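Work through the exercises below with the sequence and the model open. Each task is followed by a solution in steps.

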Amino acid sequence: MYTGGHLPARFMKQEKKKEEEEEEEVVVVGKENGLPNVLVTNDDGINAPGLRALVAALVEDGSCNVFVCAPDSEKSAVSHSITPRDTLEVSQVKIPGATAFETSGTPADCVSLAFTASIFPWARPTLVLSGINKGSNCGYHIIYSGTVAGAREAAIAGVPGIALSLDWKRGQSTEKNFKTAAAVSLPLIKASLRDIQEGVYPTGFFLNVDVPFNPAEHKGYKVTRQGTSRLPLTWKKQTQERRMQRLKDTGVGLQMAQLGLAASAAGAARRATLKKQVPDVESVGAGEEPDKETSQKMFFRLEGSEVEVGGVAPDHDFGALEQGFVRFISFLALSFGIAVALERRYLAEMF
């Protein structure tokens with residue numbers, strides 16, 4: 001169902017209305033070289049190989065000014081969460097060819113911070129890219145994804161956004177695949193930048209792009225419908241010993257785990273002491289529950305499968321990805337029919 005996005009005449013061969021022309025955004029140039037400004041973010045963290053490969057490809061291509069605002073650590077599966085109460089820490093980071101900052105916030109925080117905090121020499125970039133994510137974002141994954149949220153936050157603010165993800169497969173994918181995925185994504189990025197600057201880019205939407213696990217052998221670009229694929233989630237109970245060992249193995253450190261245990265023990269001791277100090281008072285209420293001891297804490301860990309379930313039809317996102325296509329889909333106000341028009345235009349130039 002069409003809900004408000006519009007496609008300029010260059011795509012649908014319809015006469016552009018005067019009011020639509022007035023809605024076109026002015027490209028803000030932050031450097032005196034006339035190039036568009038591209039903001040890059042992600043949810044894997046500023047040091048993630050996917051983001052670094054994307055930035056390197058953009059810098060090497062030289063068709064835009066590259067700016068980065070990304071989380072200082074992994075923020076996968078934070079969805080579109082923001083930080084309404086805490087103070088964000090922001091530090092400049094050296095990335096060759098780019099102006100970059102890392103923050104303690106989420107991907108959505110990074111985008112809104114870049115737009116409003118005056119850390120860059122522009123008020124709004126020409127385009128926002130989020131990724132390249134380590135793992136696909138098809139089906140219901142878009143609900144959990146911080147990568148998709150980065151592009152969505154841009155679209156909410158009226159700036160074109162593209163989320164980029166690599167279908168990472170354990171035991172088959174390597175970090176070199178990110179470099180190839182960046183190269184495969186570049187034609188779509190450059191076509192978007194060109195049309196934004198020419199004022200013929202559709203408004204009110206963002207793109208979600210997934211690249212197959214072996215990008216060098218992809219079968220082409222394909223617009224798909226939203227699927228229902230997901231990874232089944234299971235919570236499994238953990239013993240305290242197993243929890244301690246996992247904390248040690250993952251680098252959190254035994255000392256931190258012991259501090260946590262000590263704090264829990266101290267809290268239990270305080271509760272016991274307080275209970276002894278409070279005199280017993282005969283209750284006049286009827287049917288009141290007797291005082292209950294605090295129950296022992298239990299620990300559960302989320303264990304997700306690597307096998308997708310749900311809708312994986314060939315014309316849906318995950319089905320096309322599994323067939324080897326670079327697949328993309330539009331969200332927010334853009335209709336599927338307009339997305340197909342985008343496919344016809346851009347794909348005709350890529351082959």
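**Exercise 1. Find what share of the chain's contacts between residues at least 6 apart in sequence join residues at least 24 apart.**

Step 1. A contact means heavy atoms within 4.5 Å. Step 2. Among contacts between residues at least 6 apart in sequence, 80% join residues at least 24 apart. Step 3. Note the basis: this is a predicted model, in which local features need pLDDT of at least 70 and side-chain atom pairs count only at pLDDT 80 or more, while totals for chains, interfaces and linings use all residues. Residues are numbered from 1 along each chain as its sequence is written, and side-chain values use heavy atoms, with hydrogens and water left out.

**Exercise 2. Describe the cover and the pairing of β1.**

Step 1. Helices (H or I, at least four residues) and strands (E, at least two) are DSSP runs, numbered from the N terminus; the chain has 11 helices and 11 strands. Step 2. Buried means under 20% relative accessible area, exposed over 50%, and partly exposed in between (1.4 Å probe, protein chains only). Five of the five residues of β1 are buried: Asn 37, Leu 39 and Thr 41 on one side, Val 38 and Val 40 on the other. Step 3. Two strands pair if DSSP finds at least two bridges between them. β1 pairs with β2 (residues 65-71) in the parallel sense over four bridges, and Leu 39 has Phe 67 as its bridge partner.

**Exercise 3. Which residues touch the most other members of the largest nonpolar core?**

Step 1. A nonpolar core is a set of buried Ala, Val, Leu, Ile, Met, Phe, Trp, Tyr and Cys residues joined through side-chain atoms within 4.5 Å. Step 2. The largest one holds 38 residues, and Val 40, Leu 58, Val 68 and Ile 95 touch the most other members. Helix α7 (residues 176-197) supplies the largest share, nine residues. Step 3.

**Exercise 4. Locate Asp 43 and find its nearest side chain of opposite charge.**

Step 1. Asp 43 lies in the loop between β1 (37-41) and α3 (49-61). Step 2. Lys and Arg count as positive, Asp and Glu as negative; His and the chain ends are not counted. A salt bridge is a side-chain nitrogen of Lys or Arg within 4 Å of a carboxyl oxygen of Asp or Glu. Step 3. Asp 43 is buried and has no salt bridge; Arg 152, the nearest side chain of opposite charge, is 10 Å away. Step 4. Residues in contact with Asp 43 include Ser 73, Lys 75, Asn 133 and Thr 147.

Methods
Lists of a residue's contacts leave out its neighbours within four places in sequence.
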